[in-house]
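Good morning, and thank you for making time for this item. I would ask everyone to have the sequence and the coordinates open while I speak.

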Amino acid sequence: MLVADRLIKNFGSHRAVDDISFTLERGEVLGFLGPNGAGKTTTMRMLAGCLEPDGGSASIAGYDCVAQRLEAQSRLGFLPEGAPAYPAMTPRGFVRFGLRARGFAADAVNRATGLAIERTRLGEAADQPIGTLSKGFKRRAALAAAIAHDPAVLVLDEPTDGLDPNQKDGVRNLIREMAHEKAIIISTHILEEVPAVCSRAMIVARGKILFDGSPKTLAEQGQDHTVESAFRDLTLERPQTRESVV
Ligand SMILES: Nc1ncnc2c1ncn2[C@@H]1O[C@H](COP(=O)(O)OP(=O)(O)OP(=O)(O)O)[C@@H](O)[C@H]1O
Ligand SMILES: [Mg+2]
């Protein structure tokens, strides 16, 4: 469903993404971990067709993210870092806007909007201007827009960042609900999120993949000093308890 093949991205003389390759199948949820500046967002933006790679290529459902951008993007839901959205729009209006831009017919827009709002549990916030919503509800609005067209592939950049524990659980449950029918990649700094939602974990640092395996293997290797010291080197946020992330 998703292929990254030797992706490279430079910003001036700085190589932010350095030869990243992986494939993702339907049913997989990949947790993308790494310290600040590791290259997670840059990789995700290349997968989403927002940024052209300087080397290598990426494809979604067989469509090249640069040469066949529209075909690739129609099969992709992207939650950008910080979950940007138009503050004057309501979440319902924002989701409808995205669906109309994607060419959905009026009845399909209504159906898909209702479902996305229900799945992200926006409730009454669905009809309040986004600029007046709390951070958690803003993120849910952006998430609703990312999933509304029922894409086969989801690229979610820190979907639970800044959410309270209940909202984090809500988003994790939603990802689990969608997991069997989609290929999903989420970035996170929260190590406990990986076994909770992901079937696969990847650690990147300085633009390179350091680890690619199951959450179980990651946890086992976390016990030995190699990955443990990598975590320390990476200064990865690693809360010991749920409370510590509040
Ligand atoms: N548009 C840009 N122009 C210049 N440098 C950039 C740009 N975008 C990212 N970078 C640099 O690329 C590197 C990787 O950044 P990126 O945002 O991909 O990291 P990240 O892993 O998502 O980090 P974080 O955990 O903080 O979100 C950083 O050194 C960053 O400063
Ligand atoms: Mg980032």
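Predicted model: local features only at pLDDT ≥ 70, side-chain atom pairs only at ≥ 80, totals over all residues.

Which element gives the largest share of the shell around ligand 1? The answer is α1, which contributes 3 residues.

Let me remain with the ligand for a moment. The residues that surround ligand 1 are F11, H14, A16, G34, N36, G37, A38, G39, K40, T41, T42 and E81. Two elements, β2 and α1, each give two or more residues to that shell.

I turn now to the two sheets, beginning with the sheet of 4 strands. This sheet is open, its order is β2-β1-β4-β5, and its pairing is antiparallel. Its edges are formed by β2 (14-24) and β5 (63-64); each has a single partner strand, so one side of each has no neighbour in the sheet. Helix α1, residues 40-47, packs on this sheet and touches β1 (2-11), β2 and β4, with its direction at about 120 degrees to that of β1. At the β5 end, strand β4, residues 55-60, pairs with β5 in the antiparallel sense over 2 bridges. Within that pairing, I60 stands opposite Y63 of β5.

As a reminder, most residues other than glycine have a negative phi. D19 is partly exposed, because 14 other C-beta atoms lie within 10 Å.

The other sheet is open as well, with 6 strands in the order β6-β7-β8-β3-β9-β10 and mixed pairing. Here β6 (76-79) and β10 stand at the edges, and since each has a single partner strand, one side of each is left without a neighbour in the sheet. On average, neighbouring strands in this sheet are turned by 15 degrees against each other, direction ignored. Helix α5 packs on the sheet through contacts with β6 and β7, and its direction makes about 165 degrees with that of β6.

Is strand β9 enclosed by the rest of the structure or left open? Of its 6 residues, 200-205, 6 are buried, so β9 is largely enclosed by the rest of the structure. In general, the side chains of a regular strand alternate between the two faces of the sheet. In β9, R200, M202 and V204 point one way, while A201, I203 and A205 point the other way, and all are buried.

The partners of β9 are as follows. With β3, the pairing is parallel and extends over 4 bridges; in it, L30 stands opposite R200 of β9. With strand β10, residues 208-213, β9 runs antiparallel and is joined by 5 bridges, and A201 has G213 of β10 as its bridge partner. The hairpin of β9 and β10 has 2 residues between the strands, and R206 in this hairpin takes a positive phi near 50 degrees.

Next, helix α6, residues 165-179. How far apart are its end C-alpha atoms? At 1.5 Å a residue, its 15 residues should span 21 Å, and the end C-alpha atoms are 21 Å apart, which agrees. The buried residues of α6 include K168, V171 and I175. Viewed down the helix axis, the buried residues of α6 fall within an arc of 70 degrees, so they line one face of the helix. That pattern accords with a general rule: an α-helix has 3.6 residues a turn, so residues three or four places apart point the same way. The face of α6 turned away from the buried side carries the exposed residues N166 and E177. Among the elements that cover the buried residues of α6 are β3 (29-33), α5 (135-147), β8 (183-188) and α7 (193-197).

R121 is found in the loop between α4 (106-119) and α5. This residue is not a glycine, yet it has a positive phi of about 50 degrees, and it is partly exposed, with 16 other C-beta atoms within 10 Å. G103 is found in the loop between α3 (91-101) and α4. With 10 C-beta neighbours inside 10 Å, G103 counts as exposed. The C-alpha atoms of G103 and S74 are separated by 9.9 Å, and the two residues are 29 residues apart along the chain.

Methods: Residues numbered from 1 in each chain as written. Chains lettered and ligands numbered in written order. Expected span 1.5 Å × (residues − 1). Buried ≥ 20, exposed ≤ 12 C-beta atoms within 10 Å, placed from the backbone. Arc of directions from axis to C-beta. Contact = placed C-beta atoms within 7 Å. Pairing = 2+ DSSP bridges. Axes fitted to C-alpha atoms, helices over the stretch in contact; angles between N-to-C directions. Near = placed C-beta within 6 Å.
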